[in-house]
Amino acid sequence: MIVRRDRQATFPHAGPGDLRGPGPLASRVDVTDTRSDAPGVAGGRVALVAGATRGAGRAIAVELARSGFYVYATGRSSRTAGPSEIGRPETIEETGDLVAAAGGTGGALVVDHENPAAVAELVAGIEREKGRLDLLVNDIFGGDRYMEWEKPLWEHEWAGGLRMLQMGVHTHLITCRAAIPLILRTAEAQGSQGLVVEMTDGTSAANADFRRNVGFYYDLVKANVERIVKGLTAELEDSPVTAVGVTPGWLRSEKMLENFGVTEANWRDALKERPGFGISESPTYVARGIAALAEAGDADRWAGTIVSARQLADAYGITDTDGSRPDCWGYIAAYGWEQNDGFGIERFR
């Protein structure tokens, strides 16, 4: 296994959507070994995980690499270029390190997905280097810092609300527009099935009505993502590419663990103060589900729908890291949004 940090990214980092303005090209982490195109290793398939700096996106990049995909992982926060406006310590280079540690192959790249030119060059670079793209996972957001839960639309700070739409909707549209043509060409040339996975928060049932507990703009972002899935499904009809939406449950992201003052190793300590946290799940859970979905070759069964991590677990026989199968959305459907005393959770793990 060789990890190289001596190359410079050819993909522009900053653009009109980057609040910091134009910046230097960021260093690139390439994780390489002789298995990247070896027979029997996912057929030499290539995945792009957009928004892989932390949380579910990072775990998805790692699990896809573990299953044999050559993974391009992208994000804005970097050891060399500095953090994004989110201000978190995680970096895209760390994701590259985790891909390497998992025995995977790929590249970790600093890319601003609000910049159409940068994303177009990203996809062109993938085609130059690998000649194909089989899977896109759109997990870009980071707008949580702008959420104002207790305020209606007319009181919500408008600049932050519109910023959430840029980060959680515009980025997905820009990335789909650039990547889907290469996925189509790959599927047609290889006689394979391409896949677009749109990450969201909430099942169709959970998001059918306005979610009062998250604020107007967050609700609007997630409603838009489901509409993207439905629209892509209609437009990809009769093509060899499938669009699917996937939602984790109550995700134990880095930020969530910090909020509760615990780590992934001792997260159950938080149940003393918040028993309802018992329905939570690690990022690896949904990541394993997506890796299994990509391997199964039956994505058509989920086309145009939003699938939960638990549904993927049941369908493909995977579990969370502790051997359980949390069903956050099933629990909410049974007990409602406000159930926090932990009652009945054992039935949904």
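Visitor: What share of the contacts in the protein chain with a separation of 6 or more comes from residues 24 or more positions apart?
Guide: Happy to start there, and please keep in mind that this is a predicted model. Taking the contacts with a separation of 6 or more, those between residues 24 or more positions apart account for 73%.

Visitor: How many helices and strands does the secondary structure of the protein chain come to?
Guide: The protein chain has 349 residues, and 58% of them count as buried. Its secondary structure comes to 9 helices and 9 strands.

Visitor: Does the span of α1 agree or disagree with its 12 residues, and what is the distance between its end C-alpha atoms?
Guide: Good one to check by hand! At 1.5 Å a residue, the 12 residues should span 16 Å. The model agrees with that, as the end C-alpha atoms of α1 are apart by 17 Å.

Visitor: How many of the 12 residues of α1 are buried?
Guide: The buried residues include Gly 55, Arg 58, Ile 60 and Leu 64. Helix α1 is largely enclosed by the rest of the structure, because the buried residues number 11 of the 12.

Visitor: Which residue just after α1 takes a positive phi?
Guide: Helix α1 covers residues 55–66. Just after it, a phi of about 115° is taken by Gly 68.

Visitor: Which residue forms a salt bridge with Glu 63, and is Glu 63 buried or exposed?
Guide: Glu 63 has a relative accessible area of 11%, so it is buried. An α-helix has 3.6 residues a turn, so residues three or four places apart point the same way. The closest N and O atoms of the pair are 3.2 Å apart, and the partner is Arg 66.

Visitor: How many residues apart are Asp 97 and Arg 79?
Guide: The side chains of Asp 97 and Arg 79 meet in a salt bridge of 2.5 Å, N to O. This pair links distant parts of the chain, with Asp 97 in helix α2 and Arg 79 in the loop between β4 and α2. Asp 97 is partly exposed at a relative accessible area of 25%, and Arg 79 is partly exposed at 43%. The separation is 18 residues.

Visitor: Are Arg 163 and Glu 114 buried or exposed?
Guide: Arg 163 forms a salt bridge with Glu 114, with the closest N and O atoms 2.8 Å apart. The two are 49 residues apart: Arg 163 lies in helix α4, and Glu 114 in the loop between β5 and α3. Arg 163 and Glu 114 are both buried.

Visitor: Which residues are linked with Arg 54 in a network of salt bridges?
Guide: The count for the model comes to 21 salt bridges. In the network, Arg 54 is linked with Arg 88, Glu 90 and Glu 258.

Visitor: Which side chain does a polar contact of 2.8 Å join to that of Thr 74?
Guide: Thr 74 is found in strand β4, and it counts as buried because its relative accessibility is 0%. Not counting residues up to four places away in sequence, Thr 74 touches several others, among them Leu 48, Ile 92, Leu 109 and Leu 122. The polar contact of 2.8 Å joins its side chain to that of His 113.

Definitions and conventions
Residues numbered from 1 in each chain as written. Predicted model: local features only at pLDDT ≥ 70, side-chain atom pairs only at ≥ 80, totals over all residues. Heavy atoms only, no water. Salt bridge = Lys/Arg side-chain N within 4 Å of Asp/Glu carboxyl O. Helix = DSSP H or I, 4+ residues; strand = E, 2+ residues; numbered from the N terminus. Buried < 20%, exposed > 50% of the residue type's maximum accessible area, 1.4 Å probe, protein only. Expected span 1.5 Å × (residues − 1). Contact = heavy atoms within 4.5 Å. Polar contact = N/O pair within 3.5 Å; in protein donor to acceptor, adjacent residues only side chain to side chain.
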